[in-house]
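Biologist: I am new to this structure and would like to learn how to read it. Could we take a few features in turn?

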Amino acid sequence: MLEPSTIPEATLYAYTVLFTAIMIIVLFMTAAVLRRRRKRYQTEKRVQEYFDQWLGDLLLGEINENSDIEIPEELLDRPHNRLAREFAINQLINTKKNLIGQASRNVIQLYRLLELRKTSWDKFSSRFWYRKARGIYELYMMEQRDAGGAIGKHTDHRNAYVRAEAQTALLAFEGFDGLRFLGGLTQPMNNWQQLKLLEQLHALDPGNFEGLPQWLGSANDSVVIFALKLADIYQQLQVREETIRCLRHPNSHVREQAVKTLVHFGDEEAGNLLAEQYPTETEHNRKAILEGLEQVATDAQRGFLETTLASDDPAVQLQSARIISRCLKGGEAIIAAKALAQPEPYRQILLHIQSESVR
Amino acid sequence: MKILADILVYLLVTGIFVYSVTLIISYIVIGINSVNETREYLHKNEATDYRLLAASPHAPTVSILAPAYNEGATIVDNVRSLLSLYYNKLELVVINDGSKDDSLQKLIDAYQLEKVDFFVNYRIPTKEVKAVYKTKHPAYNKLVVVDKVNGGKADALNVGINIATNDYIVCIDADCILEHDAILKMVKPFLEEGEKKVIASGGVIRIANSCEVTNGRLTRVHLPDNYWARMQALEYIRAFLLGRMAWARLDGLLLISGAFGAFDKEIAIRCGGYNTNTVGEDMELVVRMRRYMHEQDVPYKVTYIPDPLCWTEAPETGTILTRQRNRWTRGTIETLRFHKKIFLNPRYDLLGALSYPYWLLFEMLAPLIEFAGFVVFLFLAFFGLINWHMFFAFLIFIVSFGYLNSVFAIYMEVYTFNQYRRRKEILKLVLAALTEPFIFHPFVVWAGVRGYFDFFRKSKSWGEMTRRGFGKPQPKNG
């Protein structure tokens, strides 16, 4: 049995000394971290001075592939210059984010002239996932297209961060053609990654969607969802049938996205399809359907909407009233009649809808 | 009789000893897990460009819920600060919980609010909503102000949930200062969910006393000048950077601070929203949501963000601090009592096997056990039963471990987010840690014991939390 008297006094003192020793070490480590931060700050300040000068040259086009700039001592590829070179890469990335055209290309030249690619490549070659991911990020931000082949092999990497960066890199290098990785993707893509890829594509002219039907039939549900988003944003009406088929998908998230995509396709049949889908759906997806119907409902869904208006769920009542009022001929009169027949809750719903319409 | 007394003393002494040993082991496990979780978080987000999320049409929609009661002095500035947060798909719902001051009128005047007809869906039963206000001013179109009958913070938040139109809710204290990118960072874990549904995400709360605040924005961080506030700054670093990060890694987090937490609205509604019968409504909601997900057999997780995103004013007097800790103790007792079914119940996995027992033993019972230990010590000392050599050996052992834990927390702070940049401030923090076992800790234990008294007296009081306000001079006798 563990009890105080079983512990020799000397053991307690020994542990006290041990704790105190560790505490002193931790205090020294804290001081060292503070000192390192100060040193880093000073290094960064010095490097920033070079950058202030270079930035002006970049904008004036005085730095290009033929430039012969003198690399400052503290930016040379030496182990003790690691901090300064890291800072330089960050500065170049941040500068490039805010520039376009020739100035942006000049930033890449400066990256090459400072021989920073080797640092990025070393990171990419690391066995640690976070260094590998960071290396990929730097390489695609600096448009090192020749690294595309090696990076492309990691689009299905087991680590989510490495594959996310590799996928983004492929799109950065190849635009819409880079989406081909979707065909072989077995690992999931979370919503953050999908958002990142969509933003990456946002700046480009819409391109090749040949793989879309295949991606919509993928065994990887996140690929199907992403493909549905692509079809939605880029109005790929040629995959309408595949999208409708997704309404029968076993994954409710896929069905939810299919509903949203069909709504944005906005054809005449969308309203009927959604109304048919409604009774079979989860509560969450029913909400998505009603939100979608606000954009596509016609008088053909009048019967369906009158049924949902009479539902027991106040949220469904309100949304149905909103759709009827906005999409059906004489919609507001329908709600007004309902409010007259059954003031509670429809009178307040009518006022709510009217209030929304004037705002 | 003597044998009985000996047995009793033996059991008490051994019990407290075993308790202490378990606590020390827990702290070591927490420290290790916290380091791993924080390091992983920093690596994961090193190159994250949160700007993507700020304006993306694909970002999830978020409603901030800010309950306010008698906040007339600061409400207009606080709302302005919240309206300027970086996030496009945002709605700000300010709930005036029957304030007796002019909070509502100030909001109406400042933001050109107009009363609108609003159908309130009382999915969660609450006190009556008197009116809903919106504005036609395009700069404030994210703002919704709700005026309701007073019902307490939990009731006000439930009204906010009922009114909110977006998918995620971020519950905050109206008098907190949020960093401009706070919502972006809080929302990201929800987007990163994989097989496990993210039901809630917590953020670190930091102490804003003595910090410089301009136009509702924190412009410069300082360590609090006031002793009580400074001790809380240390305590918060320890609790948030070590404790909650470690529990997040172990997937056993039971508490997301009411001052700043994000939730999946649908799950929160299905669970019935905040419980109005407890003063620990923040912890109670998280426990209930977790319990619900377990009972539905849906894989889930609760995440935590170590970035300093929310700044709050800490009590600067013993009286107010006592009220706060008294309430926290009652809230913990009430929550654990409501959910006693979880305790060591295999159906709830780690929640029942580790999180609940930890909170029961080392959070809820801690003030009682420590107080009992002190009483036993006095008793033994009075009857001359103390082996003083052993006593001092144990005392310096446990005090040195406590110091080590605090110093480690300070190191983690410096290594990660380094909010207190001057060496002098770190030194002051270390010195504050040295006084903790003799001044601050006994005080907090006593406040906890009083919480027990009040719990058994069935007190539901929040206790008035007088605040000085940001950027105001400190009272001389504070």
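**Reading the model**

Modeller: B:Glu295 is exposed, because 11 other C-beta atoms lie within 10 Å. A residue is called buried if 20 or more other C-beta atoms lie within 10 Å of its own, exposed if 12 or fewer, and partly exposed in between, with C-beta atoms placed from the backbone. This is a predicted model, in which local features need pLDDT of at least 70, side-chain atom pairs count only at pLDDT 80 or more, and totals for chains, interfaces and linings use all residues. Residues are numbered from 1 along each chain as its sequence is written, and chains are lettered from A and ligands numbered from 1 in the order in which they are written.

Biologist: In which helix is B:Glu295 found?

Modeller: B:Glu295 is in helix 9 (residues 281–296) of chain B. Helices (H or I, at least four residues) and strands (E, at least two) are DSSP runs, numbered from the N terminus. B:Glu295 is 53 residues from B:Tyr348 in sequence and 8.1 Å from it in space, C-alpha to C-alpha.

Biologist: What should I look for in backbone angles?

Modeller: Most residues other than glycine have a negative phi, and most peptide bonds are trans. B:Asp297 is not a glycine, yet its phi is positive, about 60°. B:Asp297 lies in the loop between helix 9 and strand 12 of chain B and is exposed, with 7 other C-beta atoms within 10 Å. B:Leu344 also has a positive phi, near 55°, and lies in the loop between helix 10 (318–338) and helix 11 (349–364) of chain B.

Biologist: Which peptide bond is cis?

Modeller: The bond from A:Glu344 to A:Pro345 is cis, with omega near 10°. A:Pro345 is found in helix 18 of chain A.

Biologist: How do I read the length of helix 18 of chain A?

Modeller: The expected span of a helix is 1.5 Å times one less than its number of residues. Helix 18 (residues 343–358) of chain A has 16 residues and reaches 22 Å from its first C-alpha to its last, close to the 22 Å expected.

Biologist: Which residues of helix 18 of chain A are buried?

Modeller: They are A:Tyr346, A:Ile349, A:Leu350, A:His352 and A:Ile353. These residues are on the same side of helix 18 of chain A because they cover an arc of only 165° around the axis; the arc is that of the directions from the helix axis to the C-beta atoms. A:Pro343, A:Glu344 and A:Val358 are exposed on the other side. The buried residues pack against helix 16 and helix 17 (331–341) of chain A, where two residues are in contact if their C-beta atoms, placed from the backbone, lie within 7 Å.

Biologist: How many residues does each chain give to the contact between chain A and chain B?

Modeller: Chain A gives 43 residues and chain B gives 45. Helix 1 of chain A supplies the largest share of the chain A side, 16 residues. By class, that side has 26 nonpolar, ten polar and seven charged residues. Ala, Val, Leu, Ile, Met, Phe, Trp, Tyr, Cys and Pro count as nonpolar, Asp, Glu, Lys and Arg as charged, and the others, Gly among them, as polar.

Biologist: And helix 1 of chain B?

Modeller: Helix 1 (residues 2–45) of chain B has 44 residues and reaches 63 Å, close to the 64 Å expected. Its buried residues include B:Tyr27, B:Ile30 and B:Tyr41. Among the elements that cover the buried residues of helix 1 of chain B is helix 13 (388–416) of chain B.
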